[in-house]
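Colleague: I have a structure open and would like to go through it with you. Can we start with the overall layout and then move to the details?

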Amino acid sequence: MGLVGGTDRDMSFYIGREASKLWKRFCAEATTEINLLAENWKYILGGLICQYIHGLAARGVHYFHRPGPILQDVGFYLLPELGQDRAYISETVFTTIFLSFVLWTFHPFIFKTKKIYTVLIWCRVLAFLVGCQFLRILTFYSTQLPGPNYHCREGSKLATLPPPDNILQALLIVPRGVLYGCGDLIFSSHMIFSLVFVRTYQKYGTRRFIKQCAWLAVIAQSLLIIASRKHYTVDVVVAWYTVNLVVFFIDKTLPELPDRTSALLLPVTKDSKSKEENHKLLNGNSGDPAEWRPRTQINGKIVEDGKTVHEAVINGV
């Protein structure tokens, strides 16, 4: 009984100590991110406003949509139709990619190893999304195609929107309108988000296995979108090369993210306490020397799985 009681006390002490370190780490990271948000709030706000404009444009083109015969599509011939009962599968895959990426961007608040700044990574992601969505608005307003989705076909009441009764109705975006939109086809918005997220993790993530799974998930989503008849094959194909090109060129113009892996292993002395506090704020850890570890970043890329990568090219940013 005494051994059991001692084990329980040791376990409670361990849990309490780890919880305290986790809270300190969270608070330090929150302080750092709040400071970054104060400096970059205009970019975040501008990106969010552009997301609203994109949603408004997608709803606006629905007023112009006219149902008609489904166009000939090679993907429709090659991939069997899932049907309305299984159309949720593609949305499930997209939701998994979306939520997984969002959670990953907030991992510095929890994990000891700090790879990115949450605010800065979202500034970058929003820049990619805005560039792609601007091109998307131009394309689907240039030519309105008859939607292949079930609710966009002839005979459906949702295929055409009645004119808005007032300005508020025209400016209001509701979830039902997002799920049952028609006319905003070329190119796929789902593919924009998925490709931007996966490419961002490809560059700043650390787990090779997760990267491989992410790319497989995007490929599966591409096929499921066509099989669900939510888009024509051209919508998916155009998204693949357009999004990758936009992300490539915008990424070249943006400054590289700060290196969070350059913290040095310093002994704890009176002279180094101030440096320790700076490292704590920079890396978001609790200041515990046990949490210090050598980390490597070369040419703006995070080393995968702790392996050292030697590159001869110096980025110069």
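Modeller: The protein chain has 10 helices and two strands. Keep in mind that this is a predicted model.

Colleague: In what order do the elements run from the N terminus?

Modeller: The order is α-α-α-α-α-α-α-α-α-α-β-β.

Colleague: How much of the chain is buried?

Modeller: Buried residues are 42% of the 317 residues. The chain exposes about 18100 Å², and carbon and sulfur atoms supply 67% of that area.

Colleague: And the contacts, what share comes from residues 24 or more positions apart?

Modeller: Among contacts with a separation of 6 or more, 83% are between residues 24 or more positions apart.

Colleague: Switching to charges. How many salt bridges are there?

Modeller: There are six salt bridges in the structure. One of them pairs Glu 81 with Arg 153, with 3.4 Å between the closest N and O atoms.

Colleague: Which parts of the chain does that pair tie together?

Modeller: Two loops. Glu 81 sits in the loop between helix 2 (74–78) and helix 3 (88–105), and Arg 153 in the loop between helix 4 (118–142) and helix 5 (167–171), so the bridge ties together parts 72 residues apart in sequence.

Colleague: Are those two buried or partly exposed?

Modeller: Glu 81 is partly exposed, at 37% relative accessible area. Arg 153 is also partly exposed, at 22%.

Colleague: What does Lys 203 pair with?

Modeller: Asp 251 is one partner, with the closest N and O atoms 2.9 Å apart. That pair links distant parts of the chain, with Asp 251 in helix 9 (residues 233–253) and Lys 203 in helix 7 (residues 189–204), 48 residues apart. Asp 251 is buried, with a relative accessible area of 18%.

Colleague: And the other partner?

Modeller: Lys 203 also meets Glu 256 in a salt bridge, at 3.0 Å from N to O. Glu 256 is in the loop between helix 9 and helix 10 (273–283), 53 residues from Lys 203. Glu 256 is buried as well, with a relative accessible area of 18%.

Colleague: Which residues are joined into one network there?

Modeller: Arg 124, Lys 203, Asp 251 and Glu 256, through salt bridges that share partners.

Colleague: Different topic. Which residues make up the nonpolar patch on the surface?

Modeller: The patch consists of Leu 37, Trp 41, Leu 45, Ile 49, Tyr 52, Ile 53, Ile 167, Leu 168 and Leu 171, with about 880 Å² of accessible area together. Helix 1 (2–64) and helix 5 are the elements that give two or more residues to it.

Colleague: Which one gives the most?

Modeller: Helix 1, with six residues.

Colleague: Where is Ile 167, and is it buried or exposed?

Modeller: Ile 167 is in helix 5. Its relative accessibility is 63%, so Ile 167 counts as exposed.

Colleague: Back to helix 9. What span should it have?

Modeller: Helix 9 has 21 residues, which at 1.5 Å a residue should span 30 Å. The end C-alpha atoms are 31 Å apart, which agrees.

Colleague: Which of its residues are buried?

Modeller: The buried residues of helix 9 include Val 236, Ala 239, Val 243, Val 247 and Ile 250. Asp 251, the salt-bridge partner of Lys 203, is also among them.

Colleague: What covers them?

Modeller: The cover over the buried residues of helix 9 includes helix 2, helix 4, helix 7 and helix 8 (208–227).

Definitions and conventions:
Residues are numbered from 1 along each chain as its sequence is written. This is a predicted model: local features need pLDDT of at least 70, side-chain atom pairs count only at pLDDT 80 or more; totals for chains, interfaces and linings use all residues. Side-chain values use heavy atoms; hydrogens and water are left out. Helices (H or I, at least four residues) and strands (E, at least two) are DSSP runs, numbered from the N terminus. Buried means under 20% relative accessible area, exposed over 50%, partly exposed in between (1.4 Å probe, protein chains only). Contact means heavy atoms within 4.5 Å. Accessible areas come from the Shrake-Rupley method with a 1.4 Å probe; for residues, only the protein chains shown count as cover. A salt bridge is a side-chain nitrogen of Lys or Arg within 4 Å of a carboxyl oxygen of Asp or Glu. Patches are made of residues with over 30% relative accessible area and no salt bridge: like charges are joined within 9 Å, nonpolar side chains (Val, Leu, Ile, Met, Phe, Trp, Tyr) within 5 Å. The expected span of a helix is 1.5 Å times one less than its number of residues.
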